[in-house]
Amino acid sequence: MRVANSKSIFFSCFPAFLIHNPMSSERRKPYPFDQFESKWQRIWEDRQLFHAPNPGEKKFDAAKPKFYVLDMFPYPSGAGLHVGHPEGYTATDIVARYKRLRGFNVLHPMGWDAFGLPAEQYAIKTGQHPELTTRENIAKFKSQLKAIGFSYDWAREINTTDPRYFKWTQWIFLKIYNSWFNPKTNKAEPISTYRGDDPDSVRLAYVAEVPVNWCPELGTVLANEEVVDGKSEVGGFPVVRRPMRQWMLRITAYAERLIDELEDLDWPPGIKLLQRNWIGKSEGAEIDFKIDNHDARIRVFTTRPDTLYGATYMVLAPEHSLVDLITTNEQRAEVRAYRERAARKSDLERTELSKEKTGVFTGAHAINPANNEEIPIWIADYVLLGYGTGAIQAVPAHDERDLEFARKFDLPIRAVVQPPGDEDPIGFVGDGIAINSPIIDGLPSREAIRKITAWLEERGLGKRAINYKLRDWLFSRQRYWGEPFPIVWQDRHHRSLGEDELPVVPPPLEDYKPTGTGEPPLAKAKDWVRYSDNATRELNVMPQWAGSCWYFLRFCDPLNDKRFVGQDAEKYWMNVDLYVGGTEHAVLHLLYARFWQKVLFDLGYVSTSEPFQRLVNQGIILGEDGQKMSKSRGNIISPDEVIAQYGADAFRLYEMFMGPLEQMKPWSMRGVEGVSRFLARVWRLIMRENQAGEWELSPAVDDVDLAKNEQKILHATIKKVTEDIESLSFNTAISQMMIFVNAFTNAEKTPVSAMRTFLILLNPFAPHLSSELWEKLKAPGDITDQSWPGYDEKFLVEDEVEMVLQVNGKVRERMKMSILASEEEIKQAALTNPRIQELLAGKTPRKVIVVPQKLVNIVA
RNA sequence: GCCGAUGUGGCGAAAUGGCAGACGCAACGGACUUAAAAUCCGUUGGGCUUAAAAGGCCCGUGUGGGUUCGAGUCCCGCCAUCGGCACCA
C-alpha cells in the first residue's frame with residue numbers, strides 16, 4: 001500500500017465497500033468497475049447471450065445476414081496470457097458486438113490449439129501427462145479471457161487434443177491420403193479415379209525418404225520453420241541433415257492455385273506477396289544436356305534459356321543421382337570426399353558459414369546443345385537437390401553465383417547478353433540484347449527466351465517449364481503429443497484404417513522421452529503398436545499445424561459426431577469474414593489451411609475454396625521499455641494485474657487506444673490510467689456519489705432536448721464511431737467518444753436520450769460499463785438487444801463555417817462565411833477583408849483559389 | 001544482398017493534396033482541501049519581437065531534390081529502424 005503511514009485517514013474517508021480488503025485495493029477505484037464487471041459476465045453466461053444458433057435450430061433467424069469473425073486460436077501455454085494476446089481478440093470482440101447490434105448473426109468462437117512440443121517437454125520433465133497440463137492451461141487461459149469480457153460463443157469451444165475433434169483431423173488426413181491431384185482437371189480426386197499402375201506414387205499424402213532436420217538433443221525431426229539459423233527454434237540446439245522415412249503432403253500440386261486464388265482475398269498486400277514469394281513461381285525452360293561417353297542426359301532448369309550459349313560448365317548438386325555414374329576414375333576419390341563433407345554439413349554451415357563457393361570436378365563433360373561445345377561437369381553444394389532438377393547450366397557471365405564459382409576455379413566466362421547502355425556485360429544479370437548466340441543474336445532477352453525455347457522444343461532438346469520454391473509439406477513428427485496417423489503397416493506397405501476405426505487415440509505412456517534413435521516415442525507402447533498379427537501402427541504423429549488447418553470449419557458445427565462439419569452449417573457460416581492474428585502465421589498456417597480447404601473443396605466436402613476472406617494482422621505489443629516482451633527481460637505484463645487495478649473495460653479500451661491495430665507499439669500503464677479516467681468520466685456523467693459514499697443516478701440526467709451543438713457532436717460521434725469500427729480504426733473511434741464526453745461533462749443537464757445512444761456506441765468497447773449504466777438509466781430492454789444508431793448529416797452541417805484566408809499559401813486571416821456563399825462571394829469577401837488589403841498593399845492578386853467551406857488562397 | 005513496413009512534440013498518436021500535432025499521457029499553473037489524493041479549469045512544437053500581455057513574424061512531419069496556388073500526404077534519390085527471405089538457377 002502506498003499510503004502506509006496514514007491508515008486512520010485512509011479508513012475514515014473511504015466508502016465502506018472500498019476498504020473491506022485494503023491490501024488488494026491499492027488505490028481508490030476511479031469508478032466501481034469491481035462492483036459490476038463480473039456480474040455482467042455472469043449474466044452473459046447464464047443467458048447464453050452470445051450463442052449463435054445454427055440453421056435448423058430453434059432460435060435461428062434466417063432473415064439476418066451472417067458474419068463470421070475469428071481469432072487465430074492460441075496455444076495454451078503454462079505462462080497464461082500476456083497483454084499481447086488480447087489485442088486481436090479485443091478488436092474482433094468489438095466487431096462481433098458491433099455486428100450483433102447491427103442485426104447480424106455473428107459467429108465468434110474460441111478454442112485451443114493444444115497439441116505441441118511445450119506440453120510434451122513439460123511431461124518429460126515432470127512425468128505429468130500432457131493431457132493434464134493441457135487441461136490446466138486451458139482452464140487458466142479461459143478464465144483470463146472470460147475476465148476480459150469477450151463475447152465468445154463458448155458453446156462452440158473446441159480443443160484440438162479432444163478425441164472428438166482429432167477424430168476428424170484424422171478423417172481429413174484419410175481423405176487426403178485417398179486422393180490424388182489430377183493435372184487434367186487441376187484438382188484433387190479420389191484415388192479410385194487414378195488409372196496408373198502405382199497409386200501410391202500420386203497420393204496427396206505419401207511416404208518418402210527425405211533429408212530432414214534432425215535435432216539430436218530434442219530427439220526429433222524439425223520442420224524448416226522450426227529451424228532458425230541452423231538451430232532448433234525451441235531450445236536453440238544444433239540441427240543436422242539426415243535422411244529419414246517421412247510422411248509428406250503434396251502441397252506443391254496446389255502451388256499454382258495457391259498463388260492464383262490469393263487474388264480475390266481482402267488480405268494485406270504484403271501478406272499476399274509473402275505467400276507468393278514463399279511459393280516462388282519461376283518460369284523458364286528445362287534443357288537436356290548429353291554427357292560425353294554416356295547414354296544418360298542431364299536435365300537442367302533455367303529461367304534464362306537465352307543464355308545457353310554462355311553456359312561454359314555444368315553443376316550438379318552433390319546428392320544428384322547421376323554423380324556416381326559419370327564421375328571418372330581419376331576424380332572418384334575427390335568427388336566421394338566432397339559428397340561426404342557436404343552430407344555432414346548442417347544447414348548452418350551450408351548457408352551462413354559457406355561464403356566461399358566450394359565444389360569439385362567430376363571428370364565428365366556434357367555437350368552444350370546450342371553449339372555442341374564440350375563443357376566440364378562439376379558438383380557443388382551451391383546447387384540444391386531440392387530445387388528444379390538439382391542441376392544447372394552455369395552461365396558465369398550472367399549469374400553472380402556462377403561468376404564467383406568460375407572465377408574461383410578458373411572456368412571460362414563468355415558474355416552472351418549485351419546490357420543497355422555501356423555497362424560491362426560480365427556480371428550483368430538483367431535483360432539486354434543477345435550476343436554471341438547465333439540463333440538469337442540481336443533479340444531482346446524476352447524474345448530471345450521465346451525463340452530459343454521453341455528451337456529447343458522443335459529438336460526435342462528441351463521445353464518450357466515452371467518451377468516453384470515451395471516444397472512438399474513434411475507432415476510427420478517423432479513425438480508423442482500429436483494426432484496419431486490412421487495408418488498401419490503390413491509387409492512394408494502402408495494402408496489406411498477404416499473411418500469406423502477413428503479416432504486413433506494415443507496410448508498412455510509412462511515415459512515420453514524421445515528414443516534418441518529417431519524412432520518416435522509411440523514405439524514404446526508395444527501393445528498399442530501391434531495392430532494385428534501382421535500389421536503394426538504408424539508411429540509418427542502429425543505436426544501441430546494439422547489441428548489448425550480446419551478448426552474454422554469445426555467451429556461452424558463443433559458437436560457434430562456424424563460429419564466433420566454439417567453441410568448446412570458450413571454453407572451458412574463459411575467463409576470467415578474477418579480473421580485476425582499475428583504476422584508470424586503469414587505464411588505457414590495460412591498456406592496449410594488454404595491447402596486443406598482446397599482439397600476438401602475439390603472433393604466436395606466444403607462449399608468454398610478459400611477459407612479466410614479478410615485477413616488483418618495485429619501488431620506486436622512491446623514492454624514498457626520498448627523491448628519485445630520476454631521472461632528474460634522481465635517486462636511481461638499480464639492482463640490479470642491490469643484488470644485488477646483498472647478493470648476489464650479499461651484494459652480493452654487501452655488495448656485499442658494505443659494506436660493502429662496493425663502497428664507495433666509499447667505498453668504504458670499511464671496510458672491505461674488515461675482511458676480509465678475517461679471511463680470514470682462516463683460513469684460520473686450519469687452517476688454521482690452521495691453523502692454516504694454510495695453511487696446514485698445523477699440529478700443532472702434529465703429528459704431534455706439536445707442543444708444544437710450537442711446534437712451535432714452526438715451525430716458526429718455516431719458517424720465517426722461507425723466508420724472507424726468498419727475500418728478497424730478503434731483508436732480514433734475512442735478519441736471521438738472522449739470528445740463527446742468532454743463536451744457533455746460540464747453541461748447543466750445531461751440529456752438522457754443522448755446518453756442512451758452514446759452507451760450503445762460505447763458498448764462494443766466497454767461492454768460492462770455500458771451495460772451497467774444502461775440498467776441504471778432504466779432504459780428499456782438490454783443494451784445488447786438495441787440496434788445501432790444511425791446519424792443524420794443534417795445535424796453535422798452548420799450555417800456558417802470559418803474559412804482560412806491564405807496569402808501565398810500562408811494562413812493570414814480567418815473569416816466566417818455562410819456555407820451557401822458562392823465562390824464569387826467568398827472571393828470578394830476575402831479580397832475586401834481589411835487584413836488582406838493591408839497585406840496586399842495595393843497589389844493586384846495574380847490568382848485566387850477558392851475551396852468552398854475551407855479556404856481562399858491569394859497568390860500575389 | 002533481395003523484398004516489405006515504418007520514420008510527425010518530452011511520450012502513444014491524429015490529419016479525403018487545403019489551418020500540422022485532434023484525442024490521450026507527462027509536465028506546469030489555478031480552483032476545491034488544514035493538507036494531500038481524486039476531481040474540475042487552464043497552459044504546453046521551437047524561435048524571434050514585446051517591460052508584460054494581446055498581437056505579429058520566422059522555422060518545423062528522417063534527409064536532399066521535384067510536381068503544385070498549396071505537400072506529413074504525390075514523384076525521384078538517399079539515410080535510419082524493424083520484419084521477412086536468403087546460394088531457389
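Asn467 counts as buried, because its relative accessible area is 10% and the cut-off for burial is under 20%. The residue belongs to strand S20, which spans residues 462–468. Between the C-alpha atoms of Asn467 and Asp422 there are 33 Å in space, against a separation of 45 residues in sequence. These values, like those that follow, come from a predicted model.

**Salt bridges**

The structure contains 49 salt bridges. Three of them are set out below, each with the distance between nitrogen and oxygen.

| Salt bridge | N to O distance |
|---|---|
| Asp153 and Arg156 | 2.9 Å |
| Arg245 and Glu538 | 3.8 Å |
| Arg401 and Asp399 | 2.5 Å |

In the pair formed by Arg245 and Glu538, distant parts of the chain are linked, the two residues being 293 residues apart. Arg245 is located in strand S11 (residues 240–249), while Glu538 sits in the loop that runs between strand S25 (535–537) and helix H16 (545–548). Arg245 is partly exposed because its relative accessible area is 36%; Glu538, with 1%, is buried.

The surroundings of the other two pairs can be described in like manner. Asp153 has a relative accessibility of 3% and therefore counts as buried. In the bridge between Arg401 and Asp399, the closest N and O atoms lie 2.5 Å apart. Arg401 counts as partly exposed at 49% relative accessibility, whereas Asp399 counts as buried at 15%. Elsewhere, one network is built from salt bridges with shared partners, and its members are Arg257, Glu261, Arg594, Lys598, Asp602 and Glu610.

**A negative surface patch**

Asp260, Glu263, Asp264 and Asp266 together form a negative surface patch. One of these residues, Asp264, is placed in the loop connecting helix H8 (255–260) with helix H9 (269–279). Asp264 counts as exposed because its relative accessibility is 64%, and the cut-off for exposure is over 50%.

**The loop between S28 and H20**

Ser630 and Ser632 are joined by a polar contact between their side chains, at 3.2 Å. Ser632 is situated in the loop between strand S28 (621–622) and helix H20 (639–646), and Ser630 is found in the loop between S28 and H20 as well. The accessibility of each residue is as follows: Ser632 is exposed, with a relative accessible area of 73%, while Ser630 is buried, since its relative accessibility is 18%.

**Helix H26**

Helix H26 covers residues 767–776 and is mostly covered, with 8 of its 10 residues buried. The buried residues are Pro767, His768, Leu769, Ser770, Ser771, Glu772, Leu773 and Trp774. In an α-helix, residues three or four places apart point the same way, because there are 3.6 residues a turn. Just after H26, Lys778 adopts a positive phi of about 55°.

Terms used. Residues numbered from 1 in each chain as written. Chains lettered and ligands numbered in written order. Predicted model: local features only at pLDDT ≥ 70, side-chain atom pairs only at ≥ 80, totals over all residues. Heavy atoms only, no water. Patch = residues over 30% accessible without salt bridge, like charges linked within 9 Å, V, L, I, M, F, W, Y side chains within 5 Å. Areas by Shrake-Rupley, 256 points an atom, 1.4 Å probe, with all protein chains shown as cover. Salt bridge = Lys/Arg side-chain N within 4 Å of Asp/Glu carboxyl O. Lys, Arg positive; Asp, Glu negative; His and termini not counted. Charge placed at Lys NZ, Arg CZ, Asp CG, Glu CD. Helix = DSSP H or I, 4+ residues; strand = E, 2+ residues; numbered from the N terminus. Buried < 20%, exposed > 50% of the residue type's maximum accessible area, 1.4 Å probe, protein only. Polar contact = N/O pair within 3.5 Å; in protein donor to acceptor, adjacent residues only side chain to side chain.
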